[in-house]
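Let's take a walk through this fold, one packing contact at a time. Keep the model open beside you as you read.

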Amino acid sequence: MPDTMRAMRIHELGGSFRLEAAPVPRPGPNDALLRLRATGLGLTLVIMRKTPGLISRYPRTMGHEIAGEVVEVGAAVGTVQPGDLVTAHFYLTCHNCNFCRSGRETLCPDFRGYVGLACDGGYAEYMTLPAVNLCKVPEGVSALDACVAADAICTPYHNCVAEAQIKPGDLVAVVGAGGGVAIHAVQMAQVCGGRVIGVDVSEKKLETVSRLGAFAVVNPRKSDPVEEILSLTQGKGVDAYIDYVASKQTLEAGLACLGRGGKLVIVGYRPPMAFGGLSPDFTVNPLELLSKGQEIHGSRYCSMQELRQSLELIRQGRIKPVVTETFKLEETEKGFQMLEKNEITGRAAVVFG
Ligand SMILES: [Zn+2]
């Protein structure tokens, strides 16, 4: 094992990544040391590196959508061993409270922060993590596909299955449909039996959304999305509206085209103080909501079980990870800049040689 490694690190809130030599971390008794094979790049991290209070200290190596080979384990670790290809759950939680014990660990009241924010992550050659956060990758799933499963696929699994509860025949609007997480929701909603209407402001992204099986696409820059969705559903509205943009505008549009018994699922959040623009606070008419029996769901990431099921869906070939750009480690910042400019369809990833 070398003493030092190459790592992309940031030194202040919202700062750019710098390629630096950093010490190879040593695993504690409950940790595993991983050699990274691929690490996803997504808008979540573009937002999080600008959001105060998430990164616990600097310099910090970010990166939570990881696939790596276990190279060493601590004395108390029995769940993974050297040679295993693993990915990781994004949340550092207590693993013992009622939420952690019932598959709702993202609600843990003893939350200890995010992988890559409260501890160093995968934009480096090596990292350590508690073994309890690691999930073995099944045979037949590549490192590149596995890293994307760790957020961009397992999050839509939770959105579609646990929150939107999509059933065969349901009509589902996916908003921001060409983004890294949502593009997999377009597929996941169909695996659940839904028919998808993809909504996005980029024509290029909508082409990919159509190719992935959406029966209709809507560009709000070209036509009124509420009118379009109502027309596409014969005036009934959608059974689920899963919003990966979650602005005031998209959320209120969601309520306006939600059918009887429909579910509005809120996934994204952009803090206005970091991104400018309007507050995403939106108005709900309680009479509309109760008379139509509608539900509004806040959806946070996923459980470990949902991450494992997402890997299984990739293994079965029923979800195809959409990675349209790959970068070398030293190009991480370039990838973040492209994401910020909305230039990437689906997911991007750093791939280690
Ligand atoms: Zn807990």
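Start where Ala152, Ile153, Pro156, Tyr157, Asn159 and Cys160 in H2 meet His184, Ala185, Met188 and Ala189 in H3. Contact here means that C-beta atoms, placed from the backbone, lie within 7 Å. Helix and strand labels are DSSP runs numbered from the N terminus (helices are H or I with at least four residues, strands are E with at least two). Before going further, note that this is a predicted model, in which local features need pLDDT of at least 70 and side-chain atom pairs count only at pLDDT 80 or more, while totals for chains, interfaces and linings use all residues. Residue numbers run from 1 along each chain as its sequence is written.

Sorted by class, the H2 and H3 contact has eight nonpolar residues, two polar and no charged. The classes work like this: Ala, Val, Leu, Ile, Met, Phe, Trp, Tyr, Cys and Pro are nonpolar, Asp, Glu, Lys and Arg are charged, and the others, Gly among them, are polar. H3 covers residues 182-191, and its axis lies 9 Å from that of H2 at an angle of about 45°. That makes the pair oblique, given that under 35 degrees is roughly parallel, over 145 roughly antiparallel, 65 to 115 roughly perpendicular and the rest oblique. Axes are lines fitted to C-alpha atoms, for helices over the stretch in contact, with angles running from 0 to 180 degrees between N-to-C directions.

Now for another partner of H2. Helix H2 (residues 143-163) and helix H9 (residues 304-315) have axes that come within 8 Å and cross at roughly 115°, which means they are roughly perpendicular to each other. This crossing is right-handed too. On the H2 side the contact is made by Asp145, Ala146, Ala149, Ala150, Ile153, Cys154, Tyr157 and His158, and on the H9 side by Glu306, Leu307, Gln309, Ser310, Leu311 and Ile314. Those residues split into nine nonpolar, three polar and two charged.

Six strands form an open sheet in the order S10-S9-S8-S11-S12-S13, with parallel pairing; strands pair if DSSP finds at least two bridges between them. S10 (216-218) and S13 (295-298) are the edge strands, each pairing on one side only. From one strand to the next, the twist averages 20°. H3 packs on this sheet by touching S8 (171-175), S9 and S11 (238-243), and its direction makes about 170° with that of S8.

Elsewhere you'll find antiparallel pairing. S4 (residues 66-73) and S5 (residues 85-88) run antiparallel and are joined by two bridges, with glycine 68 partnered by valine 86 in S5. S5 also pairs with S7 (residues 134-136), again antiparallel, over three bridges; there alanine 88 stands opposite leucine 134.

How does the chain divide overall? The domain assignment gives domain 1 (4-136 + 322-351) and domain 2 (154-298), with bounds that come from an automatic or database assignment. Their C-alpha centres lie 28 Å apart. Ten residues of domain 1 are in contact with 13 residues of domain 2, and the domain 1 side has three nonpolar, five polar and two charged residues.

Most residues other than glycine have a negative phi, and most peptide bonds are trans. The bond from tyrosine 58 to proline 59, though, is cis, with omega near -5°, and proline 59 sits in the loop between H1 (43-48) and S4. Glutamine 165 has a positive phi of about 45° although it is not a glycine; look for glutamine 165 in the loop between H2 and S8.

How values were computed: A crossing is left-handed if the near helix is turned anticlockwise from the far one by less than a right angle, and right-handed if clockwise. Two residues are in contact if their C-beta atoms, placed from the backbone, lie within 7 Å.
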